[in-house]
Amino acid sequence: MQDEQKTNAIMLNALIESSYKLKEWRVGDPAGLSRKYKGKPDEKKSEYFISKNSFVAVQAILNTHLQVLSQQEFKNFGSLIKSYELNNELSDALMYLNASLEEAKKIKNDDFSQAEVLYENLKKLHTTYYISLIGKLKITSKILDADGD
């Protein structure tokens, strides 16, 4: 943590990677909403197909993002973002996180046919991380995949 910019980059890149995987792999692929599987829903692509706990995992990931960004009794990454006076960007991220969490709670029995609104909220969350916060914090993003997917 001696190099604040490097620490910011590590944290934000972790959030970006997590939001991408959440949006594309955990929700988009089984719902048939991702670019790779557009129009081809298949719940067998879900992370926890057999136990029907895929949306439990989605909620846990969203709650983790909220713990990292929302106001806590201790300083966290959200506190740091506020210190840079990026309140609008942080507010947007928290809004999309909360909206995504509410949508994920509505989906019962891992019914991915009900995941379109969740997917759209996750897309906005990822964009907020990737475009708004990266740009304002002057951080270089790391490319996740270069295999053409």
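Predicted model: local features only at pLDDT ≥ 70, side-chain atom pairs only at ≥ 80, totals over all residues.
1. In soluble globular proteins, nonpolar side chains tend to be buried together.

2. Leu12. Apart from neighbours within four places in sequence, Leu12 is in contact with Phe77, Tyr129, Leu133, Ile134, Leu137 and Ile139.

3. Helix H4. The length of H4 agrees with expectation: its 20 residues should span 28 Å at 1.5 Å a residue, and the end C-alpha atoms are 29 Å apart. Its buried residues are Glu89, Leu90, Ala93, Leu94, Tyr96, Leu97, Ser100, Leu101, Glu103 and Ala104. An α-helix has 3.6 residues a turn, so residues three or four places apart point the same way. The buried residues of H4 pack against H2, H3 and H5.

4. Overall fold. The protein chain has five helices and zero strands, in the order α-α-α-α-α from the N terminus. Its radius of gyration is 16 Å, close to the 15 Å given by the globule rule for 149 residues, so the chain is as compact as a globular protein of that length. Along the principal axes, the C-alpha atoms fill a box of roughly 45 × 35 × 25 Å.

5. Burial, surface and contacts. Buried residues account for 41% of the 149 residues. The chain exposes about 9000 Å², of which carbon and sulfur atoms supply 50%. Of the contacts between residues at least 6 apart in sequence, 68% join residues at least 24 apart.

6. Aromatic pairs. There are two aromatic pairs in the structure. Tyr20 and Trp25 form an edge-to-face pair, because their ring planes stand at 75° with the centres 6.5 Å apart; the cut-off for edge-to-face is over 60 degrees. Trp25 counts as partly exposed, at 41% relative accessibility.

7. Phe55 and Phe112. These two residues form a tilted aromatic pair, 4.7 Å centre to centre with 40° between the planes. Phe55 lies in helix H2 and Phe112 in the loop between H4 and H5, so the pair ties together parts that are 57 residues apart in sequence. Phe55 and Phe112 are both buried.

Terms used
Residues numbered from 1 in each chain as written. Heavy atoms only, no water. Contact = heavy atoms within 4.5 Å. Helix = DSSP H or I, 4+ residues; strand = E, 2+ residues; numbered from the N terminus. Expected span 1.5 Å × (residues − 1). Buried < 20%, exposed > 50% of the residue type's maximum accessible area, 1.4 Å probe, protein only. Rg over C-alpha atoms; globule rule 2.2 N^0.38 Å. Areas by Shrake-Rupley, 256 points an atom, 1.4 Å probe, with all protein chains shown as cover. Phe/Tyr/Trp six-rings, centres within 6.5 Å; stacked < 30°, edge-to-face > 60°.
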